[in-house]
Amino acid sequence: MQQTKKRTHIATEDKHEILRSRAREEASAALPMVMRNNKGQSIHVRGEVTLSGIDFKASIAAKQWASSPERLPEIGIAWPELATRYARTVPKRFELAIWHRDFFLCGLALGKPTRNGNKLRLDFIEKSPTKNSLSGVITDITIIAAEAHADAIGASQIRIMNPINEKVRNYYLNSDRGFSYDKRENFCYKDLI
């Protein structure tokens, strides 16, 4: 019984790794040429930004975030451990590492489909605590990648679970992003057409 369960998990993992890779490729192609960061500067995104899974390289880079004095104290995500736990237990997961010029880790995100699979929930999103040229666009890049992933798995909605504070929640609710808020369950959501 245990062997069958392990084989099923591995087969599901393999299938969804292909979906994750394709969705990241589609998201990379869908990135605009230029985005404005939080300083209002135009930054070239396409060709400068790489989207990957949370692999060993990303985990090592994220480990440094924990000791950054610039990291918000209320963020207690231990990314290497969290990514490992998701990899072991959630084969259908959404995972994203956002790199600038292939060497500076700028953002990470993890999520999973809802139980019935028709919605994609983003459980964790974090930008690098170190200021960089992509500051202010990590969420927008994550949303583009989440929409591509949702399309790949047939989900009709993306949800950003438990925004950390009112300022973050209001950022998602900006009319340009198209999100609404479910106060009862504390998530921002966007229906995909």
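This is a predicted model: local features need pLDDT of at least 70, side-chain atom pairs count only at pLDDT 80 or more; totals for chains, interfaces and linings use all residues.
Local features were considered at pLDDT of at least 70 and side-chain atom pairs only at pLDDT 80 or more, whereas totals for chains, interfaces and linings use all residues. Residues are numbered from 1 along each chain as its sequence is written, and side-chain values rest on heavy atoms, without hydrogens or water.

With neighbours within four places in sequence excluded, Ile 141 is in contact (heavy atoms within 4.5 Å) with Leu 31, Met 35, Val 45, Val 49, Leu 51 and Ile 98. Asp 140 is also located in helix α4 and, at 18% relative accessibility, is classed as buried. Beyond residues up to four places away in sequence, Asp 140 touches Met 35, Tyr 171 and Arg 177.

Eleven salt bridges are present in the structure, each defined by a side-chain nitrogen of Lys or Arg within 4 Å of a carboxyl oxygen of Asp or Glu. Glu 17 takes part in a salt bridge with Arg 20, in which the closest N and O atoms are 3.0 Å apart. These two residues lie three positions apart in helix α1 and are therefore separated by about one helical turn. Glu 17 also forms a salt bridge with Arg 24, with an N to O distance of 3.2 Å. Glu 17 is partly exposed, at a relative accessible area of 28%, whereas Arg 20 is buried at 1% and Arg 24 is buried at 9%.

Another salt bridge joins Arg 101 and Glu 48, with 2.5 Å between the closest N and O atoms. This pair connects distant parts of the chain, 53 residues apart: Arg 101 belongs to the loop between β4 and β5, and Glu 48 to the loop between β2 (42-44) and β3. Arg 101 is exposed, with 53% relative accessibility, while Glu 48 is partly exposed, with 23%.

A search of the whole structure located one cavity of 30 Å³ or more. On a 1 Å grid over the protein atoms alone, a cavity is a set of points where a 1.4 Å probe fits but cannot get out; a pocket is an open set with protein on both sides within 12 Å along at least five of seven lines; and lining residues have an atom within 4 Å of a point. Points are joined across faces, edges and corners, and volume is the space filled by probe spheres set on them. The largest cavity has a volume of about 30 Å³ and is lined by Arg 20, Ala 23, Arg 24, Phe 94, Glu 95, Ala 145 and His 149. Its lining draws at least two residues from each of α1, β4 and α4, with α1 giving the most, three. Three lining residues are nonpolar (Ala, Val, Leu, Ile, Met, Phe, Trp, Tyr, Cys or Pro), three are charged (Asp, Glu, Lys or Arg) and one is polar, the polar class holding the others, Gly among them.

The largest pocket has a volume of about 990 Å³. Of its 33 lining residues, Leu 72, Ile 125, Lys 127, Ile 164 and Val 168 are the closest to the centre. Two or more lining residues come from each of β6, α4, β7 and α5 (166-173), and β6 provides the most, with seven. By class, this lining comprises 16 nonpolar, eight polar and nine charged residues.

Definitions and conventions
Helices (H or I, at least four residues) and strands (E, at least two) are DSSP runs, numbered from the N terminus. Buried means under 20% relative accessible area, exposed over 50%, partly exposed in between (1.4 Å probe, protein chains only).
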